[in-house]
Amino acid sequence: MEFDAVVVAGGGGRRLGGVDKAMVVLEGVTFLDRVLRAVANAQQTVVVGPVRSTYREVEWTQEDPPGGGPVAGLAAGLQHGQAPTVVVLSCDLPWVTAADVTRLLSTIDQYDGCGLRDSDGREQWLAAAYKRTALTAAIQRLGDPRNQSVRRLTADLDLFWTEPNHAGDDVDTWADLDD
């Protein structure tokens with residue numbers, strides 16, 4: 001299935017003491033590069049956040065003004081590409097793989113989107129595949145995307161969630177790497 005990828009990588013990493021999450025290294029590879037490997041088959045990949053060094057070429061963009069939160073980042077990222085399906089991943093998902101992305105894409109048909117649940121069963125809206133039209137319409141309904149919650153953005157979407165899975169585990173604190 002053809003898809004574009006939007007990787008959200010603009011957060012401040014406050015719970016990591018201000019460390020840039022995208023550049024944290026796990027098993028010799030940055031979080032950002034691990035996520036970029038998971039979406040290597042995307043028609044177009046855009047990273048929302050400051051430009052950094054990556055293992056492959058990607059497009060870069062930022063919400064205007066920067067620091068407007070993940071929904072503002074998604075809105076900026078959706079301006080790139082045109083594939084009917086968009087895989088949205090946060091840069092702090094170091095265990096997500098191309099197989100997980102394929103699973104999301106293969107399940108989306110009758111839904112507006114399909115997302116991963118983390119190991120504890122929490123829905124991860126920034127670890128999902130969405131139909132571009134549904135996600136774009138949801139952003140338009142919100143109006144100004146700055147400082148909006150992703151939960152509110154997706155509230156009216158018909159979403160399917162996977163069984164709890166390590167691939168959906170994000171890293172918000174250093175302790176999350178020990179799990």
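**A walk through the sheet and its surroundings**

Both Trp-125 and Trp-161 are buried, and they make a handy place to start in this predicted model. Their ring centres sit 6.2 Å apart with the planes at 90°, so the pair is edge-to-face. This pair ties together distant parts of the chain, with Trp-125 in strand S8 and Trp-161 in strand S9, 36 residues apart.

That is one of two aromatic pairs in the structure. In the other, the rings of Tyr-111 and Phe-160 have centres 5.4 Å apart and planes at 40°, so this one counts as tilted. Here too distant parts of the chain are linked: Tyr-111 belongs to the loop between helix H3 (98-107) and strand S7 (113-117), while Phe-160 is in strand S9 (residues 159-164), and 49 residues separate them. Phe-160 is partly exposed, because its relative accessible area is 32%, and that falls between the 20% limit for buried and the 50% limit for exposed.

Now step back to the sheet itself. Seven strands make up an open sheet with mixed pairing, in the order S5-S4-S1-S6-S8-S7-S9. S5 and S9 are at the edges with a single partner strand each, so one side of each has no neighbour in the sheet. On average, neighbouring strands are turned by 20° against each other, direction ignored.

Look next at S6, which covers residues 85-90. How many of its residues are buried? Six of its six are. Both faces of S6 are covered: Thr-85, Val-87 and Leu-89 are buried on one side, and Val-86, Val-88 and Ser-90 are buried on the other.

S8 then pairs with S7, antiparallel and over five bridges, with Arg-117 opposite Glu-123 in S8.

Helices pack on this sheet as well. H2 lies across S1, strand S4 (45-48), S5, S6 and S8, and runs at about 150° to S1. H4 touches S1, S6 and S8, and its direction makes about 115° with that of S8.

Finally, a few spots in the backbone deserve a look. Most residues other than glycine have a negative phi, and most peptide bonds are trans. Against that background, the peptide bond from Asp-64 to Pro-65 is cis, with omega near 5°. You'll find Pro-65 in the loop between strand S5 (59-61) and helix H2 (70-77).

Two residues other than glycine have a positive phi to check. For Glu-27, phi is near 50°. Glu-27 sits in the loop between strand S2 (25-26) and strand S3 (29-30), and counts as exposed because its relative accessibility is 69%. For Asn-147, phi is near 60°. Asn-147 is in the loop between helix H4 (132-142) and helix H5 (150-154), and with 65% relative accessibility, Asn-147 counts as exposed too.

Notes: Residues are numbered from 1 along each chain as its sequence is written. This is a predicted model: local features need pLDDT of at least 70, side-chain atom pairs count only at pLDDT 80 or more; totals for chains, interfaces and linings use all residues. Side-chain values use heavy atoms; hydrogens and water are left out. Buried means under 20% relative accessible area, exposed over 50%, partly exposed in between (1.4 Å probe, protein chains only). Helices (H or I, at least four residues) and strands (E, at least two) are DSSP runs, numbered from the N terminus. Rings of Phe, Tyr and Trp (its six-membered ring) pair if their centres lie within 6.5 Å; planes under 30 degrees apart count as stacked, over 60 as edge-to-face and the rest as tilted. Two strands pair if DSSP finds at least two bridges between them. Axes are lines fitted to C-alpha atoms, for helices over the stretch in contact, and angles run from 0 to 180 degrees between N-to-C directions. Contact means heavy atoms within 4.5 Å.
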